[in-house]
Amino acid sequence: MDELLQEFISETQETLEALAGEVVAWEADPSDRDRLDAIFRFFHTVKGSCGFLNLPRFERLSHAAEDVLADIRAGERQADPATVSAVLGLMDRIGELTEAVAMGAALPNENDDYLIAALNTPPGAGAAQAAAAEPVEGEAAPVSVARAQAPQAAPRTIRLPLSLIDQLMNGVSDMVLARNEMSRKLRDRSSDAELDTVFERLSTCVADMRDVISKTRMQRVDRLFAAIPRMVRDLGRDLGKRIDLTLEGGDVEMDREMVEMVVDPLTHIVRNSIDHGIETPERRRAAGKPEAGRLRVEARQSGNQIVIMISDDGAGIDTGRLVDKAIAAGRLTPDAAARLTEQEKLDLIFMAGLSTAQQVTAISGRGVGMDVVRANVERIGGVIALDNHPGQGLCITLRVPLTLTIIPGLIVRAGGQHFAIPRAAVVEILHDNNDMLQISEVGGAKIATIRAVRHSMVDLEAVLGMEKLSQPGPRAIMVVRSSTGMPFALGVAAVDNHEELVIRPASPLVMASGVYAGMTLPDNGRPMLLLDAAGLASVARLPNIVEDDAARRQEQESEAAGVEMVAALRFEELSGERRLLKLSLIERVEDIDTSLFGKSAGQAFVRLDGRLVTVVNGHSSFAGDKVCALRLRDGEQETCYPVAAVLDIVQMPLVPDMVALHGLLSGVSVIDGEHLEVLNPFALFASLPQERPDPARRGRCILVESEDGWTREILAPLLRQAGHDVTLGLPADTSVDPRDIILCNGPDTAQAGEMLGCRVVQLRASPRAAGPQDGSIYRYDQDALMAAIGSRQG
């Protein structure tokens with residue numbers, strides 16, 4: 001009897017898990033007879049099994065559901081939302097009772113009568129039936145669920161304890177290690193062709209057995225998707241939202257343990273998409289969107305990873321609100337916030353304690369969520385990425401390993417010992433003698449600057465309390481991704497190897513240290529501890545955002561000294577000097593094609609947006625195809641300043657530490673122990689040519705063919721961007737000034753312009769002139785066009 005009861009419990013739990021989504025899909029499409037039959041068979045099976053197992057409550061609940069579903073199958077009753085809710089309620093109660101029986105606990109003492117009464121309450125007649133058929137105000141319509149594949153017949157299966165599968169997997173892993181050790185022994189001995197053939201056959205059998213046993217742990221992603229339709233339906237009804245749900249990739253397989261680890265992060269993301277992302281029908285109508293929001297959950301295999309994408313067409317993430325909340329919470333300074341890129345602002349969603357919710361609800365708003373989601377994903381060697389489109393939607397991508405049992409890893413050496421670290425946690429590996437790497441110490445803490453990006457740094461020996469041994473060669477510096485979202489630099493003696501690692505749990509005493517994620521057995525058979533990147537960052541007490549702490553510390557020091565500070569750009573000149581320039585003068589930094597630079601009468605210039613702009617430092621020839629340039633503006637004048645490289649943004653004193661006015665320089669300031677020359681903006685703009693054309697002396701550009709699409713949409717905007725006064729069509733009083741220029745496409749219009757007494761620029765559509773006497777300009781020759789206008793206005 002115990003075996004029969006256990007079999008009943010297992011089958012009931014598995015069927016309940018799969019049917020929750022089927023009920024929601026059936027509600028959206030009551031004509032789906034296959035789904036209705038499947039739900040009916042479940043309750044019929046439960047009722048039939050309860051008689052000889054002595055489970056009267058199961059029998060009573062399932063019998064009531066079976067009767068109502070039989071009426072629906074016979075066409076005597078409609079599958080209205082109230083009936084579906086009642087069926088789901090009965091399924092929940094059966095699930096609670098099944099779990100209690102499985103655990104040997106006392107059965108819940110809730111009253112089942114109200115569930116059965118809700119199920120047996122038929123819809124009213126007439127108007128009541130019409131009201132039941134349509135969603136009332138404030139109640140969401142049934143959730144539409146689409147699946148990429150049709151339901152398949154269940155394969156023949158047997159049930160085995162998961163512990164038995166684990167024992168088989170451990171045994172095969174030991175066989176692999178023994179095979180590798182035997183391979184090394186055979187290589188050390190004399191060659192024996194017959195023995196080598198037998199060994200190759202053994203290796204093939206062991207590899208095949210390992211693959212087969214690994215597949216016994218695999219499970220379809222359908223199990224991960226099973227609870228989503230029901231959750232979407234319930235949340236949609238609670239929040240008054242209509243949602244079209246699409247599930248795709250349910251036939252993809254991944255490790256059973258991995259499925260269990262991904263359930264919670266996926267559930268939280270789906271709930272956030274419904275609560276934060278998808279708007280109410282009223283707001284969607286106002287935004288020009290369909291009333292029903294679209295939510296898509298897709299899974300696919302990519303190499304040895306499973307990629308899960310959750311996308312919606314909702315409002316997306318308001319990064320401005322995230323920044324405001326981070327500043328209000330004291331997690332970010334206003335200066336640091338101003339320097340954040342859009343992606344860095346988006347990553348604030350992973351900061352603990354932050355939420356975009358306007359108010360705390362039963363679903364969200366407490367600031368506990370996305371930080372935990374990322375920590376859980378990265379704990380299993382996965383990564384999470386956001387693709388945000390404000391007002392249009394959000395796509396969240398999870399990349400997790402196919403299995404937790406075998407992962408790709410790196411073997412590192414520190415303090416004379418070897419350790420393993422998941423390869424997915426390592427972003428970059430350098431050596432400490434690399435020119436792109438600078439290591440400095442500030443206040444007892446190490447800072448690693450890699451290509452002008454600062455990272456907190458810690459040596460693995462220091463974290464583990466080991467002796468840092470001297471070595472002849474350089475040390476390895478790894479940029480490691482932690483669950484805090486801010487990568488940090490980890491120093492080790494060397495990175496020795498990379499290989500597929502068999503992961504096993506470590507002892508509780510070892511795990512209690514917080515820096516290990518388990519143990520592993522490499523091919524040499526010697527046990528090795530697996531490092532946990534998040535644990536290393538936590539034990540080392542690394543800051544979340546280094547630049548914020550540095551900026552805050554520098555700001556406090558400046559306030560104590562009574563020195564007014566301003567933001568400045570630190571850059572490297574083409575001649576090699578490192579200098580500073582006040583950031584507010586820089587309109588933008590961009591890479592410019594070197595072919596656009598030139599020099600005339602000793603004055604360097606560059607062609608930008610159809611205009612010639614003065615190059616203030618006089619450079620006009622460069623080695624490469626592109627050069628980094630600062631575009632500067634004082635409010636009216638614009639100039640260009642080519643540089644070798646932009647280094648970073650720092651805080652500098654408004655008045656240099658040593659004032660020394662000389663040429664374009666105003667003095668010297670000390671930043672991070674480095675003496676840097678400061679550019680003098682007054683002298684810089686004073687050196688520009690002062691002969692600027694007077695706008696009052698310039699005529700208008702009159703575009704005669706004002707109805708022509710090319711003239712209105714392409715030519716007119718170009719001329720306006722170049723600073724010209726543009727008039728579409730002849731003036732109403734037909735009065736023109738001799739300084740005006742008429743631009744036209746045909747010879748007839750050109751003659752009319754000449755009769756008015758103003759200058760004419762005739763344009764043609766063909767790149768080639770009609771002949772030697774053709775004085776027109778090809779309309780897409782921008783340089784010639786600007787030169788013609790400039791010469792006629794001079």
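How many disulfides does the structure hold? Please keep in mind that this is a predicted model.

1. The structure holds zero disulfides. Take Cys628: the nearest cysteine sulfur belongs to Cys640 and is 9.5 Å away, while a disulfide needs the two sulfur atoms within 2.5 Å. Cys628 is buried, at 15% relative accessible area. Cys701 is buried too, with a value of 0%.

2. Now for the charged side chains. Salt bridges come to 27 in number. One of them joins Glu291 to Arg242, with 3.4 Å from N to O. Glu291 sits in the loop between α12 and β5, and Arg242 in strand β3, so this pair ties together parts 49 residues apart in sequence. Both ends are partly exposed: Glu291 at 30% relative accessibility and Arg242 at 34%.

3. Another salt bridge pairs Arg284 with Asp313, whose closest N and O atoms are 2.7 Å apart. Because Arg284 lies in helix α12 and Asp313 in the loop between β6 and α13, the pair ties together parts 29 residues apart in sequence. Here Arg284 is buried at 0% relative accessibility, and Asp313 is buried at 10%.

4. Further along, Asp740 and Arg700 form a salt bridge, with 2.8 Å between the closest N and O atoms. This pair links loops 40 residues apart: Asp740 is between β33 and β34, and Arg700 is between α21 and β32. Asp740 is buried at 2%, whereas Arg700 is partly exposed at 23%.

5. Lastly, a network to trace: Glu279, Arg284, Lys289, Arg294 and Asp313 are joined by salt bridges that share partners.

Definitions and conventions
Residues are numbered from 1 along each chain as its sequence is written. This is a predicted model: local features need pLDDT of at least 70, side-chain atom pairs count only at pLDDT 80 or more; totals for chains, interfaces and linings use all residues. Side-chain values use heavy atoms; hydrogens and water are left out. Buried means under 20% relative accessible area, exposed over 50%, partly exposed in between (1.4 Å probe, protein chains only). A salt bridge is a side-chain nitrogen of Lys or Arg within 4 Å of a carboxyl oxygen of Asp or Glu. Helices (H or I, at least four residues) and strands (E, at least two) are DSSP runs, numbered from the N terminus.
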